[in-house]
Structures are given as C-alpha cells and as structure tokens.
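I opened the notebook to look up two things.

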Amino acid sequence: QVQLMESGGGLVQPGGSLRLSCRASGFSLYYYAIGWFRQAPGKEREGVVCINASDGVTYYADSVKGRFTFSKDTSGNTVYLQMNNLKPEDTALYYCATPPGASCQEPYDFWGQGTQVTVSS
C-alpha cells in the first residue's frame, strides 16, 4: 500500500536550481522517516538527505550541504528537495524512500520510481 511518487526532475544548467517533489501515499509522514537518494551511472547509490519522524532531525550529505534544502508538508504528505547551485556531479536519478519507520537509520524498504536530474551546459 505504501507508494512514493517523485517529480520535478529535468535538465538544468550548472548553477541553476530545481525543486523535486515526492508524494507519499499509504502512510503518514508524521510517523515515518523519509529521504532522498541518488544514483549516477557507474556510481553507488548515495544518500542525499533524510528527516526523522521521531525528532525532526534532518541529515544532509556533505556533498549537498548549503546547496540543497529539504522540506516536509505533513498535512499534504509530500516532501520537497530544493536544489540550488547545481553542479554537473549532481546529475543522477533521484529517489524518494522511506524505511518505513520513524528513524532514518532503519532499513529503507519502499522506494519511488525515481526522477532524472541532469546538470549540463
């Protein structure tokens, strides 16, 4: 019943911005942690950001700190990833995922289909 649907990816120039959305269904973001991951061709899947449901603590990967901002609309069951100052190395397929559980440290069992972000001139 748990479903995650990402949107908002696209082609953007270096230094530009994109805003990704992830709409959750089948569970409430009030109870479950949720985060963003990305995977580029030839690279291992990387955690981007996650927010705990238990205490609201948000964890950012060092590679995106200061450039990406995560937000959560609990009432709308939707999370967003505002990506600023994008770099070519940010190019990847971005996934929304939930453990499911309150903590970001729990195993991630549910994933969206992904949305492609391409940063290129």
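I take two strands as paired if DSSP finds at least two bridges between them. Strands (E, at least two residues) are DSSP runs, numbered from the N terminus. The model is predicted: local features need pLDDT of at least 70, side-chain atom pairs count only at pLDDT 80 or more, and totals for chains, interfaces and linings use all residues. Residues are numbered from 1 along each chain as its sequence is written, and side-chain values use heavy atoms, with hydrogens and water left out.

Sheet. I looked up the strand order and found β1-β3-β8-β7, an open sheet of four strands with antiparallel pairing. β1 (3-7) and β7 (68-73) are the edge strands, each pairing on one side only. From one strand to the next, the twist averages 15°. I then checked β7 against β8 (residues 78-83): they pair antiparallel over six bridges. Asp73 has Thr78 of β8 as its bridge partner.

Core. I count a nonpolar core as buried Ala, Val, Leu, Ile, Met, Phe, Trp, Tyr and Cys residues joined through side-chain atoms within 4.5 Å. Buried means under 20% relative accessible area (1.4 Å probe, protein chains only). The largest core has 28 residues. Ile34, Trp36, Leu81, Met83 and Tyr94 have the most contacts inside it. β3 (18-25), β8 and β9 (92-98) are among the strands that each supply at least two residues. β3 gives the most, four residues.

I followed Leu81 for contacts (heavy atoms within 4.5 Å). Leaving aside neighbours within four places in sequence, its partners include Leu20, Trp36, Val48, Phe70 and Tyr94. A second, separate core has six residues, including Ala33, Phe37, Cys50 and Ala97.

Methods
Axes fitted to C-alpha atoms, helices over the stretch in contact; angles between N-to-C directions. Buried < 20%, exposed > 50% of the residue type's maximum accessible area, 1.4 Å probe, protein only.
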